[in-house]
Amino acid sequence: MSATTIDTMAALTGFSREAVEELSRLKGEPNWVRQQRLAAWAVYEALPFPQRTDEEWRRTDLRALKLDRLRPFQGFGLDGHVPAALADPTDAAATVTAGDLNAGVVVQQDARTLRTEIAPEAAAQGVIFTDLDTAFRDHGDLIRQHFMTKAVPSDFGKFEALHAALWQGGSFLYVPAGVTVELPFRAFVRATEAGGSVFSHTLAVLEEGAEAFLVDAYGSPSLDGQGFTSAVVEHVLAADAKLRYVQVQDWGRNVWSFMTERSLLADDATLNSLHVTLGARFSKSSIAARLQGKNSLAEMLGIYFGDGDQFFDHHTWQLHESPYTTSDLEFKGALKGSARSVYSGLIKVSEGAQKTDAYQQNRNLVLSRTARADSIPNLEIGANDVRCTHGATISQVEEEHLFYLQARGVPRTEAQKLIVEGFFRPVIDRIPVEEIQGFLESAIARKVGI
Amino acid sequence: MRERRETMSETSTGIGTSNGHGATGTPMFQIENLHASIEDKEILKGVDLTIGQGEVHALMGPNGSGKSTLAYVIAGHPSYEVTEGSVKFFGEDILEWSPEERAQKGLFLAFQYPTVIPGVSMANFLRMAVTNVRNARAEAEVAAGGEAKPMTPREFRRLMKEKMAMLKMDDAFATRYLNEGFSGGEKKRAEILQMALLEPRMAVLDETDSGLDIDALKVVSEGVNALAGPGMGVLLITHYQRLLNFIKPQHVHIMMAGRVVQSGGPELAHELEAKGYEGLRAQVGAAV
Ligand SMILES: Nc1ncnc2c1ncn2[C@@H]1O[C@H](COP(=O)(O)OP(=O)(O)OP(=O)(O)O)[C@@H](O)[C@H]1O
Ligand SMILES: [Mg+2]
């Protein structure tokens with residue numbers, strides 16, 4: 001592509017049908033992909049912007065987000081080198097992705113894929129792990145079947161439709177029936193320019209009895225000028241499939257981040273997910289597990305730590321649509337500075353989903369007088385033979401705890417660090433992956449020290 | 001009222017003068033006319049107490065008389081305000097020091113009600129405490145021309161194992177969260193484990209005997225006795241003579257209504273056991 005094209009694109013701000021067409025043209029996409037994008041664009045245009053009267057957006061102030069000043073995509077002109085930050089241990093997201101042992105790696109920078117790799121042993125078993133452009137080109141059938149059709153349909157909502165029109169990268173994982181891959185597949189999404197948008201997509205399809213471990217890490221330096229990202233994550237688990245999923249959001253402080261994740265679980269499928277929210281100026285995550293098959297199980301863990309003027313919003317749904325389904329959710333967050341967080345979670349048990357066992361817990365530790373946490377747990381139960389438990393707490397570090405540690409010679413600041421780490425410890429202990437545990441420990445220590 | 005107080009402070013100072021002096025002539029630990037309040041309510045109303053190097057003193061007194069308050073004030077609890085008086089440790093006024101500084105300089109308090117801290121493992125916490133206290137001590141030694149010897153993680157683990165074995169504590173305690181789900185007696189044992197690891201020069205043990213079964217009492221007492229001696233002075237707060245059969249104090253003090261009202265030798269504890277506080281109450285005044 002010519003330098004002129006890049007300049008033209010750099011000048012293009014705001015989202016438009018032209019931008020969708022231009023993106024598709026630059027990517028050299030076949031007609032069906034282009035049509036799919038344009039159809040989504042039409043949906044985006046038809047849907048109203050979320051209002052604060054909508055329950056899900058009630059505590060979310062979008063007024064400062066200036067969509068019309070953003071470039072819809074960027075970064076086609078870069079050469080294909082791996083970002084230096086991948087080797088920079090201070091970059092939390094990079095640390096997770098840069099682990100030595102991988103079953104595969106996909107690195108996306110802005111709208112461009114820099115690297116895709118898959119371990120030969122995995123590829124030999126028919127596993128696919130690649131960037132989404134390649135997946136659209138080489139695995140059209142699987143994509144047509146799963147991409148924004150069932151888990152997160154392209155008309156799911158305003159931001160999801162925009163994503164379907166402008167998706168630019170991300171990863172596709174496909175594990176055939178009966179195949180188990182123990183090492184993690186890692187996808188890394190990085191943004192390098194202020195004023196730009198990143199739409200990354202994660203699609204994981206696990207066939208019957210397949211097992212895999214997928215890590216998504218989002219990161220960027222903190223830049224001047226607004227950044228925008230709208231990610232969609234889709235997990236499709238066939239019967240008896242098992243997916244462990246870890247997502248680390250460590251965007252720069254200029255970024256407005258939206259993320260919608262839906263997991264579909266068939267009979268006896270198991271999802272173990274962990275969402276770690278550390279970065280961004282504004283971060284809204286919508287996370288749901290649909291337990292569609294009987295005996296399916298979702299463990300949903302979350303850790304968030306806000307400082308400065310960060311705003312985090314986590315909405316979770318535990319959707320029990322079949323009998324004998326289990327969900328176990330634990331989200332824990334700490335807030336310092338004048339950070340704010342909203343957690344809102346719904347356990348919904350459909351009619352007929354007897355013997356549901358659902359647990360939901362959200363705990364918040366508020367570390368300063370100007371920080372604030374809100375927690376809104378909800379139950380909606382349409383069956384009579386179920387067990388549903390939920391709880392929420394918002395607390396402060398207790399002076400008695402600090403004093404006890406100080407009385408043993410531990411300085412107050414270190415005592416505070418120990419207590420905060422201790423607050424997160426039970427969640428950390430639930431993730432049986434040493435590397436992730438180590439990453440979480442240092443991420444928390446870094447946050448406490450900010 | 002004033003007259004009575006003078007008599008009493010004379011008694012306790014008397015002990016200090018006769019037995020309480022360290023090699024330098026300064027008493028190791030000296031509380032003078034200590035007044036302290038919580039939420040504007042005065043609890044300590046002029047405490048005088050002197051402990052010489054390596055001495056064991058027992059502090060007894062009815063419920064609510066201010067024993068734990070005294071212990072907290074010595075440890076530097078932020079809820080208490082000292083309004084008058086002084087507490088000196090090797091001649092230095094400790095009241096300006098932060099709680100951690102007091103611990104680093106060799107003061108230790110075994111809590112009557114140890115705090116549960118979720119998510120913080122015993123081993124992690126102990127390593128942090130030992131490292132901080134040892135580093136501070138090493139710095140002081142270097143400043144005094146000595147040699148600093150930092151402890152390796154391996155040495156720490158060995159030391160912890162050894163002390164846990166001495167207190168007959170199961171290894172599993174090391175990985176458990178601090179005091180979480182510990183039984184009453186286990187908590188008390190864990191307090192003494194901390195003391196054994198931190199090797200203080202002065203330990204205040206607040207009802208460490210309560211909640212201990214008779215075997216545990218023996219084990220814990222042995223732990224204390226192993227450290228008590230020239231290197232460590234002890235202030236033993238207790239309600240029962242029983243403990244004093246195991247850890248033998250040279251001096252016994254009785255606290256009432258925020259003051260030390262009587263001091264004597266070990267026989268005082270026996271007397272109390274036989275007669276209770278009633279007689280003493282009458283003796284020191286109806287106000288008490
Ligand atoms: N926060 C507080 N507000 C008001 N009064 C308090 C507070 N804390 C302690 N006190 C009071 O101070 C007094 C002394 O309490 P302290 O715990 O020192 O007694 P103690 O001698 O250790 O008793 P015990 O033998 O029962 O352990 C008590 O009357 C108690 O109620
Ligand atoms: Mg007490």
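This briefing describes ligand sites, selected residues and overall properties of a predicted structure. Because the model is predicted, local features need pLDDT of at least 70 and side-chain atom pairs count only at pLDDT 80 or more, while totals for chains, interfaces and linings use all residues. Residues are numbered from 1 along each chain as its sequence is written, chains are lettered from A and ligands numbered from 1 in the order in which they are written, and side-chain values use heavy atoms, with hydrogens and water left out.

**Magnesium site**

- The magnesium ion (ligand 2) is coordinated by OG of B:Ser68 and OE1 of B:Gln112, at 2.0 to 2.1 Å. Donors are N, O and S atoms within 2.8 Å of the metal (3.2 Å for Na, K and Ca); water is not among the atoms, so sites may look incomplete.
- B:Ser68 lies in helix α2 (residues 67–75) of chain B and B:Gln112 in the loop between β6 (107–110) and β7 (117–121) of chain B, so the pair ties together parts that are 44 residues apart in sequence. Helices (H or I, at least four residues) and strands (E, at least two) are DSSP runs, numbered from the N terminus.
- B:Gln112 counts as buried because its relative accessibility is 16%. Buried means under 20% relative accessible area, exposed over 50%, and partly exposed in between (1.4 Å probe, protein chains only).

**Surroundings of ligand 1**

- Ligand 1 is surrounded by 15 residues, of which the closest are B:Gly64, B:Lys67, B:Ser68, B:Thr69 and B:His239. A residue is near a molecule or strand if one of its heavy atoms lies within 4 Å of it.
- An N or O atom in the side chain of B:Thr69 is 2.5 Å from an oxygen atom of ligand 1. For B:Ser68, an N or O atom in the side chain is 2.8 Å from an oxygen atom of ligand 1.
- B:His239 places a polar side-chain atom 2.8 Å from an oxygen atom of ligand 1.
- On its own, ligand 1 has 640 Å² of accessible area, and the protein covers 67% of this. Accessible areas come from the Shrake-Rupley method with a 1.4 Å probe; for residues, only the protein chains shown count as cover.
- Two or more residues of the shell around ligand 1 come from each of β2 (41–51) and α2 of chain B. The most is given by α2(B), with three residues.
- The shell around ligand 1 has three nonpolar, eight polar and four charged residues. Ala, Val, Leu, Ile, Met, Phe, Trp, Tyr, Cys and Pro count as nonpolar, Asp, Glu, Lys and Arg as charged, and the others, Gly among them, as polar.

**Buried residues**

- B:Gly61 is found in the loop between β3 (56–60) and α2 of chain B, and it is buried, with a relative accessible area of 0%.
- Leaving aside neighbours within four places in sequence, B:Gly61 is in contact (heavy atoms within 4.5 Å) with B:Lys67, B:His239, B:Met255 and B:Tyr277.
- B:Gly61 and B:His253 are 192 residues apart in sequence, and their C-alpha atoms are 8.2 Å apart in space.
- A:His315, in strand β15 (residues 311–320) of chain A, counts as buried at 6% relative accessibility.
- The side chains of A:His315 and A:Asp313 make a polar contact (3.4 Å). A polar contact is a pair of N or O atoms within 3.5 Å; within protein, one must be able to donate a hydrogen and the other to accept it, and residues adjacent in sequence count only if both atoms are side-chain atoms.
- Not counting residues up to four places away in sequence, A:His315 touches A:Glu56, A:Lys284, A:Ser285, A:Ser286, A:Ile287 and A:Ser344.
- A:Pro176 lies in the loop between β4 (169–175) and β5 (185–190) of chain A and counts as buried at 16% relative accessibility.

**Positive phi angles**

- Most residues other than glycine have a negative phi.
- A:Asp240 has a positive phi, near 65 degrees; this residue lies in the loop between β9 (227–237) and β10 (242–250) of chain A and is partly exposed at 40% relative accessible area.
- B:Asp40 has a positive phi, near 65 degrees; this residue lies in the loop between β1 (29–38) and β2 of chain B and is exposed at 77% relative accessible area.

**Chain B overall**

- Chain B has 10 helices and 12 strands, and 55% of its 288 residues count as buried.
- The accessible surface of chain B is about 12,900 Å², of which 49% belongs to carbon and sulfur atoms.
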